[in-house]
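Hi,

Here is the structure I promised to pass on.

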Amino acid sequence: MLGLQGAPPLQLLLLLLLLLAVPGEAAEAGAGKSVAQKEAAFDRPYTDVVNSELLNIYAFNHTVTRNRTEGVRVSVNVLSTQKDAPVLFVVRQKEAVVSFQVPLILRGLYQRKYLYQNVSRTLCQPQTKSEAETQFFYVDVSTLSVANASYQLQVTRVENFVLSTSEHFSFNATAAQPQYFKYEFPEGVDSVIVKVMSAAAFPCSVISVQDVLCPVYDLDNNVAFIGMYQTMTKKAAITVQKKDFPSHSFYVVVVVKTEDEAYEPVDQGHRQKTLDVVVSPAVSSQAYVSGMLFCLGVFLSFYVLTLLIACWENWRRQKRSRMGLLAAIETPSTDTGHPHVSPDTFLGRPPYSGYSYGSFDNGSTVSTENVTDSLVSTEVSYGYVDRSLENMAGRPRFDSLSSVEEDDYDTLADIDSDKNVIRTKQYLYVADLARKDKRVLRKKYQIYFWNIATIAVFYALPVIQLVITYQTVVNVTGNQDICYYNFLCAHPLGNLSAFNNILSNLGYILLGLLFLLIILQREISYNRALMRNDLQALECGIPKHFGLFYAMGTALMMEGLLSACYHVCPNYTNFQFDTSFMYMIAGLCMLKLYQKRHPDINASAYSAYACLAIVIFFSVVGVVFGKGNMAFWIVFSVIHILATLLLSTQLYYMGRWKLDSGIPRRILHVLYTDCIRQCSGPLYVDRMVLLVMGNLINWSLAAYGLIARPNDFASYLLAIGICNLLLYFAFYIIMKLRSGERLKPIPLLCIVCTSVVWGFALFFFFQGLSTWQKMPAESREHNRDCILLDFFDDHDVWHFLSSIAMFGSFLVLLTLDDDLDCVQRDKIYVF
């Protein structure tokens, strides 16, 4: 008070009045806000009112034990409809605070608002270290509304709050009444799978797995903040590993979404969903070991079987050689009376007599009268030069390839002058289309392998980087809607979410490598035969070129690698990874089948891969822009039909035509001379039958695509390639048998077994365990449980069987013409 000494009397009076006035105002304010605290009990409804002048507090207590978790749920229903002044509920616990307003406002897409008057929330349960502890929590109810706001409040205990292993539990949930339950890992269980089922697809809901922490994010606008989550309609499944949760327990949160579609608002009054949840132990570590051993055992058995067949073939060849040698020794020569032994006899083959390579029965020249092809730009007759085996036997077979180019050889006068005559004869033999130097063709077809190896490296590296990024995003964000797995049979390992889908692709790689080893062995044997000037290898059978086979084996291995990459995180943005090398395999098989009888005129590697690149380009464009786009389908169908016509012309005329400005005039000339002036049939009947059937099939596929416009454009495009491959293969087999040739037991067995395996493989392929053509929640409706060793699903079985079927198909192409190994090439028909 010393500071007030000497102050004027008026100032002292004002200060005294101020000190008296302040306590009075505070008392008046306190008297205007009433606080009503009530002792409340569980399972008892409380109907009350609240306004800006009244605050209600409900005090609850319950006993918490260390070994038993009890769920507590607060349910409120505001009976008033005052939107401007909502009622605020605050639940104060020992270690957490939960607050929400009613009407509860949840937002949908495009900022649409949805108001909910009836709200229920489950309280986060604090942990206790004591055997038993009584804990209090309070529910504060307040509002800024001047008018009375009536409400109902009820606090209940949650039945079956802690889920039991392998026991089903059914419950209801809405957008404003989410549910969550606790699960604790039992001893000896390291991984479980949480399955949630519903009989009704809609309303759509969200399933989340969160750590046991407060607060629990259980509303539509925050459920994605933490943990793992996925949307669901009828099915959802999340595999949970103990190592990811330090407390060895987690919450299963179920939230009903405010909207199902982004196009229109929804009816809030009918968005209750009945669900069933069960938590079951996932596969153990023994199942992983069994799955890997099974996968390795199945495909390594092919290596053992191949080795046994090779040993048996070698033993049979040696036995035949010894029998041939004994027969030759015991047979005396007609000239000397002594046994006659030739080098071929030691090899187990009868000696060859000389014959004219490339000659014809009726003379050594070919008249141009039989050539009626009006599209041929030049028509020059060519006289054949007789070349006997005796004159060719001493010619060296291996020179440096660096100085030999196909273009240089093709421009020689004697070769260029007879192309148009030789390739347009009515009846062609393999000798007519195997005239180029073997060194040139060997180098030409080796480019197929080196090109596809280069493509594989540059294609695979960014793919691997991308799918690793996808998997990282899934693991960090917890959003399991990014990848379209079969969640009911997705077994994680390390950072991979579906290890079994990746492991099942091992067959493509192992069998592709085995096929490369088989081709390498065949090439070594063939080169040895050439080195010793074996006349059978030089002048008999289908010309041996291995470059395309190497490319096919590499493509099969890359299909396995890229399919595994796709299944790291399958979705529509990376589906082309799984199909790109399927297109290549189909294209390479057709090229190899054509090369067998047309070695000189087969497509070069550059043009073949350029065409396949165009196919893959259309695949990507179709997946991204083709869904329901009529303009795209019209353009694609036109291109498809034009490409079919151009390829048909190329095959029919053996490449002896030109696409230039004069093509319309030549087409009209052909129509006039062959259809109007005189009605004559096609010169090449067999080729015409094949091409007519091929055009009908392709035009039908183009019409189907234009009318149906399938959503899965990549599979539709692959179906076009497979249909054409099967058509050409069937034509090849029919023509082979029609030409008097036969199928040896090994290729015939391969055809039968491969056809059976393909049938079973396609059955499992069409099971459709997931589809990225639908929303993630709808895709999960197709999910199914494992069917093999509790580790592999239907799609894994497709991987197993299709890899075996592809390997068998390659063996068919490899051994199809083994019956011609002892037939002279000028007696093997071209078709």
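Let me start with a cysteine: Cys-540 counts as buried, at 3% relative accessibility. By buried I mean under 20% relative accessible area, with exposed being over 50% and partly exposed in between (1.4 Å probe, protein chains only). Cys-540 is in no disulfide, and the nearest cysteine sulfur, that of Cys-822, is 6.8 Å away. A disulfide here is a pair of cysteine sulfur atoms within 2.5 Å.

Before I go on, a word on what you are looking at. This is a predicted model, in which local features need pLDDT of at least 70 and side-chain atom pairs count only at pLDDT 80 or more, while totals for chains, interfaces and linings use all residues. Residues are numbered from 1 along each chain as its sequence is written, and side-chain values use heavy atoms, with hydrogens and water left out.

**The disulfides**

As a reminder, a disulfide is a covalent bond between the sulfur atoms of two cysteines. If you count the bonded cysteines along the chain, the pattern is 1-2, 3-5, 4-6.

Cys-124 and Cys-214 make one of them, with their sulfur atoms 1.7 Å apart. The link of Cys-124 and Cys-214 is left-handed, with -85 degrees about the S-S bond. Cys-124 sits in the loop between strand S9 (118-122) and strand S10 (132-143), and Cys-214 in the loop between strand S15 (205-211) and strand S16 (228-232), so the pair ties together parts that are 90 residues apart in sequence. Helices (H or I, at least four residues) and strands (E, at least two) are DSSP runs, numbered from the N terminus. The two ends have their own accessibilities: Cys-124 is buried at a relative accessible area of 4%, whereas Cys-214 is partly exposed at 39%.

Another disulfide joins Cys-483 to Cys-569, S to S 1.8 Å. This link of Cys-483 and Cys-569 is left-handed, with -90 degrees about the S-S bond. It connects distant parts of the chain, 86 residues apart: Cys-483 is in the loop between helix H8 (438-477) and helix H9 (499-503), and Cys-569 is in the loop between helix H12 (547-568) and helix H13 (575-597). Cys-483 is buried, with a relative accessible area of 2%, and Cys-569 is buried too, at 0%.

Then there is the disulfide of Cys-489 and Cys-786, whose sulfur atoms are 1.9 Å apart. The torsion about the S-S bond of Cys-489 and Cys-786 is about 110 degrees, so this disulfide is right-handed. The pair links distant parts of the chain, 297 residues apart, with Cys-489 in the loop between H8 and H9 and Cys-786 in the loop between helix H20 (776-779) and helix H21 (794-815). Cys-489 is buried at 0% relative accessible area, and Cys-786 is buried at 18%.

**A histidine in a helix**

Next, His-640, which you will find in helix H15 (residues 630-652). Is His-640 buried or exposed? It is buried, with a relative accessible area of 10%. Setting aside its neighbours within four places in sequence, His-640 is in contact with Asn-698, Leu-701, Ala-702 and Ile-720 (contact means heavy atoms within 4.5 Å).

**Two sheets**

Strands of a sheet pair through backbone hydrogen bonds, either parallel or antiparallel. For pairing, DSSP has to find at least two bridges between two strands.

S13 and strand S18 (residues 249-256) pair in the antiparallel sense over six bridges. Within that, Tyr-180 has Val-253 in S18 as its bridge partner.

The other is an open sheet of four strands, ordered S2-S11-S4-S9 and paired antiparallel. Strand S2 (46-50) and S9 are the edge strands here, each pairing on one side only. Strand S4 (residues 71-78) and S9 run antiparallel and are joined by five bridges. The bridge partner of Arg-73 in S9 is Thr-122.

Cheers
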